[in-house]
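The following paragraphs lead the reader through one protein structure, beginning with a pair of helices and moving on to the residues around them. Please keep the sequence and the three-dimensional view at hand.

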Amino acid sequence: MGLIHYFASNRAEVLELTLEHLWLVGVSMLLAVLAGVPTGILLARRPRLEKPVLAGANIIETIPSLALFGLLLPVPWLGARADRLAILALALYALLPIIRNTYAGITGVDPAVVEAGRGMGLTDRQLLIQVQLPLALSVILAGVRVATVISIGVATIAAAIGAGGLGEFIFRGLAMVNNNLILAGAIPAALLALAADLVFGIAERILRPRTGAHG
């Protein structure tokens with residue numbers, strides 16, 4: 001009952017921090033998609049770049065979030081604004097599943113379908129836009145789904161550098177040894193992650209081609 005009462009009496013702050021959290025995740029995911037999808041397409045076109053690029057993305061993924069925030073702090077334009085720093089860090093964390101799934105989706109398109117497109121006189125660009133990307137879309141979306149769920153969780157750490165979000169409750173609760181405060185941040189964050197997973201999962205199933213692409 002104490003937690004329910006806390007949510008009821010602090011609903012305005014819970015809503016405000018939830019919206020901050022969504023903004024951090026939303027902007028970072030937009031940047032990650034804008035960078036990750038073209039990179040995955042490039043890797044499909046230039047397979048020799050696959051290992052170094054994915055290795056770099058893997059290395060970023062293994063850096064602890066607080067350490068990554070710390071590494072980015074000295075950067076002049078970023079360090080001046082905690083939200084910018086958090087957005088870049090979240091976007092970097094989201095890159096690996098997006099790049100990997102875009103590459104897998106494009107290369108997983110049935111070669112016979114690609115050859116049929118070439119036989120119809122389609123250029124490489126037309127093949128990509130009209131054949132490969134539509135068939136790979138569900139696989140790419142699966143990568144975005146994983147990246148979004150990861151970002152929602154990591155975004156709670158952004159409060160440690162003053163970027164806001166639901167982590168504010170968690171860090172405040174830890175400092176005050178107050179379980180209600182910790183849960184006020186953790187429960188909405190978990191619900192956001194579950195909701196994102198559900199929505200992307202449904203979209204992924206709808207967009208999955210009946211034939212033509214693997215995975």
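Predicted model: local features only at pLDDT ≥ 70, side-chain atom pairs only at ≥ 80, totals over all residues.

From α8 come Leu137, Ser138, Leu141, Ala142, Val144, Arg145, Thr148, Val149 and Ile152. Their partners in α10 include Ala189, Leu192, Ala193, Ala196, Phe200 and Leu207. Sorted by class, the residues of this contact comprise 13 nonpolar, 3 polar and 3 charged ones.

Is threonine 148 buried or exposed? Threonine 148 has a relative accessibility of 8%, and it counts as buried because that value is under 20%. Apart from residues up to four places away in sequence, threonine 148 touches Ala196 and Phe200, as well as Val25 and Met29. Ala196 and Phe200 are among the residues with which α10 meets α8.

Methionine 29 leads onward from this point. Beyond its neighbours within four places in sequence, methionine 29 is in contact with Thr148, and also with Ala94, Ile98, Val144, Ala147 and Ser151. Met29 also belongs to the largest nonpolar core, which has 48 residues; together with Leu24, Ile98 and Phe169, Met29 touches the most other members. The elements that supply two or more residues to this core are α2 (11–45), α3 (50–62), α4 (65–72), α6 (82–107), α8 and α10. Of these, α6 gives the most, with 14 residues. A second, separate core consists of 6 residues, among them Val109, Leu122, Leu127 and Leu135. In soluble globular proteins, nonpolar side chains tend to be buried together.

Which residues does valine 154 contact, leaving aside its neighbours within four places in sequence? They are Ser65, Leu90 and Tyr93. Arginine 45 stands 109 residues from valine 154 along the chain, and the C-alpha atoms of the two are separated by 32 Å.

Technical notes:
Residues numbered from 1 in each chain as written. Heavy atoms only, no water. Buried < 20%, exposed > 50% of the residue type's maximum accessible area, 1.4 Å probe, protein only. Contact = heavy atoms within 4.5 Å. Helix = DSSP H or I, 4+ residues; strand = E, 2+ residues; numbered from the N terminus. Nonpolar A, V, L, I, M, F, W, Y, C, P; charged D, E, K, R; others polar. Core = buried A, V, L, I, M, F, W, Y, C linked by side-chain atoms within 4.5 Å.
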